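Here are my notes on this one, in the order I'd go through them with you. Have the viewer open as you read.

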Amino acid sequence: MMWSNFLMQEEDRRRGASGRARGQHKSGLSPEQEGKIKLVLLLTSVGATLAVLAVGTEFWVELNTFKANGSVVCDAAHLGLWKMCTKRLWQADVPVDRETCGPAELPGEANCTYFKFFTTGENARIFQRTTKKEVNLAAAVIAVLSLAVMVLGCLCVIMVLSKGAEFLLRVGAVCFGLSGLLLLVSLEVFRHSVQALLQRVGPEPPVAPALTYEYSWSLGCGMGAGLVLMLAGICFLLLTLPSWPWSSLCPKQGHRAT
């Protein structure tokens, strides 16, 4: 009698374990779904790398003075969301076909400082021009918010792959799309800050030099990151849709009877 009770308990335990295993397998992702999610996550990693590179570097825009200043040197500057750098370049190093000083990547005497409107609230001065700190602060805050939402989206997708929480895939898709949109909005706000900087010429001497500006590679990375993140969000959102609309659009061809 004791052995029969023991065998019955062992059988019940095995049935419970097999039932839990079937339940976990049913709630998990299929290998095809997991492969698609990992492929889109790889695309997202490209966008995330570009976003971090853009936000962390200071080559968003270059400000260049003209070479025709009666000197052997000329001044240029480049700035981003957090820092600006002024450079004094030898005109002999500047390409002959350029009328302005630059590009900023040329070797020269550099002076880099962080913007003080993040700490003391002071505006920065570049070539006798003053920044508009409210616009610069808005661009930086929106960019940081974009990175935070992007990290939240990555956590959602990791939970989907590790725990099988498929409902988080839709949340991750929204996060990546919103992150890309916020990053593009930050670029547009920064563009307005550059326009405001060029117009805010100080009245005190010396006279502000004539400037030209050109957007640089950091801003290009930001634009690419925003588009890639939005594309990744759309792809994740498509993966959350049921398969029957796609199967009706692309029906499988069966073997024809001969």
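1. Ground rules and layout. Helices (H or I, at least four residues) and strands (E, at least two) are taken as DSSP runs, numbered from the N terminus. On that basis the protein has six helices and seven strands, and their order along the sequence reads α-α-β-β-β-β-β-β-α-α-β-α-α. Keep in mind that this is a predicted model: local features need pLDDT of at least 70, side-chain atom pairs count only at pLDDT 80 or more, and totals for chains, interfaces and linings use all residues. Residues are numbered from 1 along each chain as its sequence is written, and side-chain values use heavy atoms, with hydrogens and water left out.

2. Buried (under 20% relative accessible area; exposed is over 50%, partly exposed in between; 1.4 Å probe, protein chains only) applies to 38% of the 258 residues. The protein exposes about 15,600 Å², with carbon and sulfur atoms supplying 65% of that; the areas come from the Shrake-Rupley method with a 1.4 Å probe, and for residues only the protein chains shown count as cover. Taking a contact as heavy atoms within 4.5 Å, residues 24 or more positions apart account for 69% of the contacts with a separation of 6 or more.

3. What the record says. UniProt, in an unreviewed entry, places "transmembrane region" at residues 39-61, 135-161, 167-190 and 217-239. Those positions are in the numbering used here, the feature names are shortened, and annotations may be inferred rather than shown by experiment. How does the model look over residues 167-190? The chain there is 100% helix and 0% strand, and the end C-alpha atoms sit 36 Å apart. Residues 217-239 also come out as 100% helix and 0% strand, with 33 Å between the end C-alpha atoms.

4. The strands around β2. Two strands pair if DSSP finds at least two bridges between them. Strand β1 (residues 61-65) runs antiparallel to β2, with four bridges joining them. On the other pairing, β2 and β3 are also antiparallel and share seven bridges, and a hairpin of three residues connects the two. H78 is a handy landmark: H78 is the bridge partner of E62, and H78 also stands opposite C85 in β3. Six of the seven residues of β2 are buried, so this strand is largely enclosed by the rest of the structure.

5. Disulfides. With a disulfide defined as a pair of cysteine sulfur atoms within 2.5 Å, the count is two. C74 and C101 make one of them, S to S 2.1 Å. That link ties together distant parts of the chain, 27 residues apart: C74 lies in strand β2 (residues 73-79) and C101 in the loop between β3 (83-90) and β4 (109-114). The torsion about its S-S bond is 70°, right-handed. Both ends are buried, C74 at 1% relative accessible area and C101 at 0%.

6. The other bond joins C85 to C112, with the sulfurs 2.0 Å apart. Here the link runs from strand β3 to strand β4, again between distant parts of the chain, 27 residues apart. C85 is buried at 1%, whereas C112 is partly exposed at 40%. Counting bonded cysteines along the chain, the pattern is 1-3, 2-4.

7. C156 is in no disulfide; the nearest cysteine sulfur belongs to C175, 5.0 Å away. C156 is buried, at 8% relative accessible area.

8. Aromatics. Rings of Phe, Tyr and Trp (its six-membered ring) pair if their centres lie within 6.5 Å; planes under 30 degrees apart are stacked, over 60 edge-to-face, and the rest tilted. The count comes to seven aromatic pairs. F117 and F118 have ring centres 5.0 Å apart and planes at 55°, so the pair is tilted. F117 is buried at 5%, while F118 is partly exposed at 33%. Y213 and Y215 pair edge-to-face, at 5.7 Å between centres and 75° between planes. Y213 is partly exposed at 34%, as is Y215 at 33%. Ring pairs also link W82, F115, F117 and F118 into a cluster.
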